[in-house]
2 protein chains.
Amino acid sequence: MTLDKSWYTEEWAGQGSAISLKIKNKVHDERSAYQRIEIYETETFGTLMTLDGLVMVTDRDNFIYHEMMSHPALFTHPDPKRVLVIGGGDCGTLNEVLKHPGVELAEQVELDERVTRVAEQFFPELCASNNDPRARLRFADGIQWVADAKPGSYDVIIVDSTDPVGPAAGLFSETFYQNCLRALAPRGVVVGQSESPLFHPDLIRSMHRALRAAGFREVATLNFPQCTYPSGWWSATMAARDTALSKFRQADKRFPTRYYNQEIHAAALARPEFMRQL
Amino acid sequence: MTLDKSWYTEEWAGQGSAISLKIKNKVHDERSAYQRIEIYETETFGTLMTLDGLVMVTDRDNFIYHEMMSHPALFTHPDPKRVLVIGGGDCGTLNEVLKHPGVELAEQVELDERVTRVAEQFFPELCASNNDPRARLRFADGIQWVADAKPGSYDVIIVDSTDPVGPAAGLFSETFYQNCLRALAPRGVVVGQSESPLFHPDLIRSMHRALRAAGFREVATLNFPQCTYPSGWWSATMAARDTALSKFRQADKRFPTRYYNQEIHAAALARPEFMRQL
């Protein structure tokens, strides 16, 4: 069958595959200083945001990504108080971070303010905590932000970025990770989205190498399903400044989640055989 | 973007979403007594088989499905010797079962002999063990086969079926599971593919209920990524006649796998929060 124009299609670059979502209508379309931002109402995935034609977030499945980008790192740190989110303009990760009662500061540094303003309009649930007094929304270059940060400023740094091309490429470099290490306090943890285990194992391997070369003591990848991202299977790679990644606070989740829990945290760290051999 | 005719597209029924694979050419197309069988050479997923327009197997990602349909159940049973595969006409599950040196009989009961003959031609790796002296290829109705089986005939039954519509619908019924229970020897285990945790949680819930109602002592669902199946996230639901599903033989994998290992076995049993609440 061939899909007609009532479908939004993203071709997964270089992978000879594509995902399509059936659209009811397009409700927003703008070109910001950085990218094209489009919002669609889909038939079964709720609201969809795309940036330069790539799926960023849908109502239906974003909970898995946002929970897995935030809770494993925050429950690995023994007592996270100061959290930095690089990117994450839809504010879904920020919203999860602020569920942790011990967090005193959650600072989000997104390059493109328009992404956040559009998210506030079309994804109000993800932006529900934007006015939390602990939240700070900055609109600046995250690479420069981390380079300029005072040593030991943060307990957890979350790199909720787009793919490692264009402005986001620098977020996957050894230099950036060295600056993260410096910006982290003792016991600090960094986590970054690391693409698909099936499609991008070389990227995951190079992130492990770069994080270790930057001086992180332990590095581990979390795997999780993410229907609307390439291959439907996604990952985040976590690194600890000076602690262990296999231990985490198991009893401290006192807020509701939809995907994350203790079983899932441990399970996400399991390495498929082909990744053990990388 | 709209995909042109060089793409194969499967619309995920009722889910307002679709996956597409870029095709080099179609190399086979026939209508068997039961269904249309098509084989394509894809650009990046190797050979693709579809049945009535639905993706069954690709070279690139079938290893996850076939390993997860077989090894968790076989390593849960303390000493599986007699294994029945219902469906599974591409022979990939049979091939994994026969990697277990303790297996003495692996009997595959597929309704449509043409699926197996076409697989032998186009997926020789999946059919590599079809001539193993322990393999028996039957072409018959699996529901009837299990109803007719002598009590205690099998140690493990694997239901490697198509979606729960048409001829496969009966493979998800309490009556079928009662017959499986009867056909299993003490310590027996049954496992069946149970669709997508994201798209079909109601099916998974109803399978749990039907398996328990049929008399199985324990029921558990295994989750795993499967890029080319609906949502990219798939599951198999396992039930034990009279033993526990949380324990499995951890040291006995003496053959290579690409996805499955002990860590993955335990991890696949983890329940996402929304499934714990089902």
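1. Helices and strands are here DSSP runs, helices of at least four residues and strands of at least two, numbered from the N terminus. The model is predicted. The stretch comes from an unreviewed UniProt entry, which annotates residues 5-241 of chain A as "domain: PABS".

2. The contact between the chains involves 41 residues of chain B and 41 residues of chain A. On the chain B side, β1 (7-12), β2 (17-31), α7 (262-268) and α8 (273-276) each contribute at least two residues. The largest share, six residues, is supplied by β2(B). By residue class, the side of chain B that touches chain A comprises 19 nonpolar, 12 polar and 10 charged residues.

3. The two chains are also linked through strand pairing. Strand β2 (residues 17-31) of chain A runs antiparallel to β2(B), and five bridges join them. Within this pairing, Ala18(A) is placed opposite Ser20(B).

4. Which residue does UniProt list for "active site"? The unreviewed entry gives Asp160(A). Asp160(A) belongs to strand β9 (residues 154-160) of chain A.

5. Is Asp160(A) buried or exposed? Asp160(A) has 26 C-beta neighbours inside 10 Å and therefore counts as buried, the cut-off being 20 or more. Apart from neighbours within four places in sequence, Asp160(A) is in contact with Met69(A), Val85(A), Ile86(A), Gly87(A), Gly88(A), Thr93(A) and Gln193(A).

Definitions and conventions: Residues numbered from 1 in each chain as written. Chains lettered and ligands numbered in written order. Predicted model: local features only at pLDDT ≥ 70, side-chain atom pairs only at ≥ 80, totals over all residues. UniProt positions renumbered as here; feature names shortened; annotations may be inferred. Contact = placed C-beta atoms within 7 Å. Nonpolar A, V, L, I, M, F, W, Y, C, P; charged D, E, K, R; others polar. Pairing = 2+ DSSP bridges. Buried ≥ 20, exposed ≤ 12 C-beta atoms within 10 Å, placed from the backbone.
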